[in-house]
Amino acid sequence: MRLTRSPLLDERLPAWRAHLVMGLLLAGSLALVARSIWLQGVNKEFLIGQGESRYERVIEMPATRGRILDRHGDVLAISTPVKSIWAIPEDARLTPAQTRELAKLLDTDPRDLTRRLAAERDFVFLKRRIAPDIAARIGALKLPGIHFQDEYRRYYPAGEVTAHMLGFTGAEDMGQEGVELAMNAQLAGKPGSRRVIKDRLGRIVEDVESIHVPQEGRDVVLALDAKLQYLAYSRLKAALAEHKAKAGGIVMLDAKSGEVLALANLPTYNPNNRAGLSGAQLRNRAFTDTFEPGSTFKPFGVALALEKGHVRFDTQIQTAPGRLTINGATISDAHRHDVLSVAQVIQKSSNVGTAKIALGMRPEDMWTMFDNLGFGQPLKLGFPGEAGGRLRPWKRWRPIEQATMSYGHGISVTLVQLARAYLAFARDGDLLPLSLARLEAAPNVGVRVFTQQTAKEVRAMLEMAVQPGGTAPGARVPGYRVAGKTGTANKLEGGRYADKYVSSFVGFAPASDPRLIVAVMLDEPAGGRYYGGEVAAPVFAGVMASALRSLGVPPDDTLRPMQMANVAPAGEEM
Amino acid sequence: MIRTNLFLLAAVLICALAAVSTNYRARKLVTEYEREQAHMRALEVEWGQLQLEQSTWATHARVEEIARQRLGMRAPKPGQIIVVVP
């Protein structure tokens, strides 16, 4: 064992060397312990945060706005993602050829584009909400400094036809007008976010937690019928052109349920392209504009007189000589009549007759009825700028005002209010709240305004008005019994009645069991004719005929359809 | 004693490897799930666009124009309608 013998081992080493090594080892391990306490204990939060920031990501989860559907499920408004294109001007160094190509795809001027890219900003939108296919083509160019961002854009397939009813959304996809505003709470979605772990390639490998659960916007099913809406809109548009009227409105209600089936205003706009809109186009006249209804108001006063027992259906009233003077103010009829029954007063639309009936009533009763019918207060359906109309307190009525109010002057209403008030006649004297949304079941009973008997008698009078001898034979619909009332009101301008008119017609059909109410209003017809019976009644007839056929309502006229063939108007259209 | 220790060592090794592989599989599944979710969102977007396209094609104004102009259709006159009441 010579190898194990080393002379070095025979020498004794000084003791301090062993102590030094021990001390160094001890200090080293103490340093390690201290370091690990620092890392694991004291500095833990910071390090965990740093680590997470290197592999954890918070992902935004977008929520889409709900759709707006018509009563049959047809899409009226839908949001779909589109790209917005933005640039970091500093990075976007494009060659002139690239700029031209990009400008062409963006449909802008190359010089304008160059100017924008020269801006002293970190971020500039080049164009917002472009179609996905164009975005894909721009993406294929692989331009430096040009980026995309997902945004939602709202589309309205029916365009101008449903413009006022639906309204539109503004920035941040929030409702600004119409149903979009009225039902924004239901339609709007709430975007959420969640925390995930991503790997080196950007794939999500672990779902850590959801911070906010996204809430998708809910769909809204409207009472609106897209087909009836189109019929109403196109008829009104044609009439507006024919009579050179300034504006117009049409409302169709379901008499059984109070649902709004169609509502259109002219002039209108295309909600998909809202550049250069004027206030006149944007106005939802049927809700926001009040007008003096004129003769369409007469049935209400007469109904009250029947209700209070002042007159009966056939009470005779002297209307000759067609003029009536109250405290120096004179009411006159457009056509002279002699002795008329109450029913004929409505049929012939006699101002004098209606005024005489009204003067026999207490102002308080009249006011209460108007109030019960919903006049003078907004409908509160949630549309912006809903007007209530003017209904002065009865204590300040003068007799002349009471008389003029009975034929619709000195009081103002909106078209929707007027249509709704006729529900009381179309139904058996009760009034329903209007509904923009489709109802699963019709409300059982509304608020009673008139007795069943009164409603029945007024219906008979209104049916006479569209028959020969009435003011609106133009409102007749072949095969159906129709009831309605014309209105031709002078417009107030600067406190005086001008030579301008509002022609209107409100009616319902089939008269035996009313299903639909249609109210039409044309503002300032300038084509030579202005009587409601000539201007508004044909619109009513056209819309009502198509709507009844489209809904499959069985004809109720005693005249058989085969016999009707000969007397049908020539221009019968869809 | 040594045999027990060797057995435990093997068991620990197997468990450790199983944990690694399970974690790996879980991550792959999450990735796949995310991919399918993205696919679902893409399909939803496409569905929305198709709905939009459908309702644009089915606009009543367009239908009426085609029916009248191209197909020469017209609404029946009241005399030509026979109503069947159930």
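1. The model is predicted. Local features are reported here at pLDDT of at least 70.

2. The A–B contact. Chain B supplies 22 residues to the contact, and chain A supplies 28. On the chain B side, the elements that give two or more residues are α1 (2-57) and α2 of chain B. The largest share of that side comes from α1(B), with eleven residues.

3. Make-up of the chain B side. The residues of chain B that touch chain A divide into nine nonpolar, nine polar and four charged.

4. The sheet in chain A. Three strands make an open sheet, ordered β1-β6-β7. Pairing is antiparallel. The edges are held by β1 (56-61) and β7 (204-212) of chain A. Each has a single partner strand, so one side of each has no neighbour in the sheet. On average, neighbouring strands are turned by 30° against each other, direction ignored.

5. The β6–β7 pairing. Strand β6 (residues 192-198) of chain A is joined to β7(A) by six bridges. The two strands run antiparallel. One bridge pair to check by eye: A:Lys198 has A:Ile204, in β7(A), as its partner.

6. B:Arg74. This residue lies in the segment after α2 (60-70) of chain B. Is B:Arg74 buried or exposed? B:Arg74 is exposed, because it has 11 other C-beta atoms within 10 Å, and the cut-off for exposed is 12 or fewer. From B:Phe7, B:Arg74 is 67 residues apart in sequence and 91 Å apart in space, C-alpha to C-alpha.

Note on methods:
Residues numbered from 1 in each chain as written. Chains lettered and ligands numbered in written order. Predicted model: local features only at pLDDT ≥ 70, side-chain atom pairs only at ≥ 80, totals over all residues. Helix = DSSP H or I, 4+ residues; strand = E, 2+ residues; numbered from the N terminus. Buried ≥ 20, exposed ≤ 12 C-beta atoms within 10 Å, placed from the backbone. Contact = placed C-beta atoms within 7 Å. Nonpolar A, V, L, I, M, F, W, Y, C, P; charged D, E, K, R; others polar. Pairing = 2+ DSSP bridges. Axes fitted to C-alpha atoms, helices over the stretch in contact; angles between N-to-C directions.
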